[in-house]
Amino acid sequence: MAATRRTSVRVRLVAMLFVISAIAFLDRTNISVAGLQMRRDYAIDPIQLGWVFSAFLIGYAAFQIPAGWLAARIGPRLLLTLALLWWGVFSVATAWVPAGSAHAITLLILVRFGLGIGEAAVYPSGNQFVSRWVPAQERGKANGLIFAGVGAGSGLTPPLISAVIALGGWRASFYVCALIGVVAAAVWYAMARDRPQDHPKIDAAELAHIEAGLPHEPDEPAGPIPWRAILTSRAVWGLFLGYFAFGYVVWIFFSWFFIYLAEARGLDLKASALFGMAPFVAMTIGCLVGGVVNDWVSRRHGLYWGRSGLAMLSFALTALFLLIGSQVASAPLAVLTLALGGGAMYLSQSSFWSVTADIAGRHTGVVSGLMNVGCQLGGALTASLTPWIAARHGWAAAFGTGAAVVLVGIAAWAAVDPRRLIGGARAAALDPALAAR
């Protein structure tokens, strides 16, 4: 992303957003590792623990749009700082719920709901930052790096949290996560600025490079949110539906993949832990590769094919891998094929968040928050529907349903034109293929 003879402040800040993204998934998945010990201490069954898991997702989904609005109003620098501190408070609060309380399950649900509220800020804030700091031709790589934090955080959680639990118990793992968040908050606040023009370490060459690739005047205020234009935009609802399909599939991996390995493939705990890492490694690689390909195709063939075209290909590959992986007899081959499905799905991640920045400009936080509600609704549906399908029709049917949902996502992406701003204006200046004509 950086060019010679100019500073690369935007690159360092995007790298910091990768770290924050990884911390976000560390904070939301640590309870999965600590869950066994928590069930014993609180005398709760798996269904009740599932309520605790779901509480996070409900809080996260409910506050996506408010978080996007706040990102536009107070800026991603302050909002992400406060969010990281918020995560720390609620991580500690999780460990402080007394085991002997008659209301322990209710308190855990409320605490995880509160954590979800705080984590709702991370990606709308990050995308608001991208819309202000990253020129259109670099947004694929930027978002690919930011969302590679999802795979990195999810992949690092089991060994890190398991080691902390072995040394200090499950409560210590939440204290460690809180400390990591507080340190990240201090670093982000010191490093970041809401606008490139306000950063003391950026030079004129980098500033000119950024401003040349933005679809709006960088100093223009956000103004009132154009709700009518947003809610009547075909692209916005295409992104919403596409991200619903995305969320449905990826939460199969986040919520049920370990159980699938044990129940359907007969792997023991040690083997499940080893093979269970494969999808998250593939997701991290898919994010990074997808970001690079996104920008490369966009430069040569235009934004529609770089953003929407790549996403449609990503979804088609995902459907294929899910169908094949759920049918093969060999457990290692099944894990490899299904992991490729997860990696293929994450090839599209940068497209989602790049397009919201492309079409929404100063209102990117709100639009990306609305889009992300779709992802969480898909995740909430798969959390209850996938085990129901697996119990009645088998795991092949559960993955096959995911493949069918992905096909709906392909149709949704076909309707998304990243060259057309919300409100109908055509932004040819954003599209290198059009601007060159």
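Reply: Axes here are lines fitted to C-alpha atoms, for helices over the stretch in contact, and angles run from 0 to 180 degrees between N-to-C directions. Please note that this is a predicted model.

Me: At what angle do the axes of α4 and α8 cross?

Reply: The axes of α4 (residues 76-96) and α8 (residues 170-191) cross at roughly 165 degrees and come within 8 Å. Because angles over 145 degrees count as roughly antiparallel, α4 is roughly antiparallel to α8.

Me: Is the crossing left-handed or right-handed?

Reply: The crossing of α4 past α8 is left-handed.

Me: Which residues of α4 and α8 meet?

Reply: On the α4 side, they include Leu80, Leu84, Gly88 and Trp96. Among their counterparts in α8 are Phe174, Ala178, Gly181 and Trp188. The contact residues of the two helices divide into 16 nonpolar, five polar and two charged.

Me: Which residues are closest to the centre of the largest cavity?

Reply: Its lining has 17 residues, and the closest to the centre are Phe25, Arg28, Tyr243, Cys375 and Gln376.

Me: And which element gives the most to that lining?

Reply: With five residues, α11 gives the most. The elements that give two or more residues are α1, α7, α11, α16 and α17.

Me: How do the lining residues divide into nonpolar, polar and charged?

Reply: The lining of the largest cavity has 13 nonpolar residues, three polar and one charged.

Notes. Residues are numbered from 1 along each chain as its sequence is written. This is a predicted model: local features need pLDDT of at least 70, side-chain atom pairs count only at pLDDT 80 or more; totals for chains, interfaces and linings use all residues. Side-chain values use heavy atoms; hydrogens and water are left out. On a 1 Å grid over the protein atoms alone, a cavity is a set of points where a 1.4 Å probe fits but cannot get out, and a pocket is an open set with protein on both sides within 12 Å along at least five of seven lines; lining residues have an atom within 4 Å of a point. Helices (H or I, at least four residues) and strands (E, at least two) are DSSP runs, numbered from the N terminus. Ala, Val, Leu, Ile, Met, Phe, Trp, Tyr, Cys and Pro count as nonpolar, Asp, Glu, Lys and Arg as charged, and the others, Gly among them, as polar. Angles under 35 degrees count as roughly parallel, over 145 as roughly antiparallel, 65 to 115 as roughly perpendicular and the rest as oblique. A crossing is left-handed if the near helix is turned anticlockwise from the far one by less than a right angle, and right-handed if clockwise. Contact means heavy atoms within 4.5 Å.
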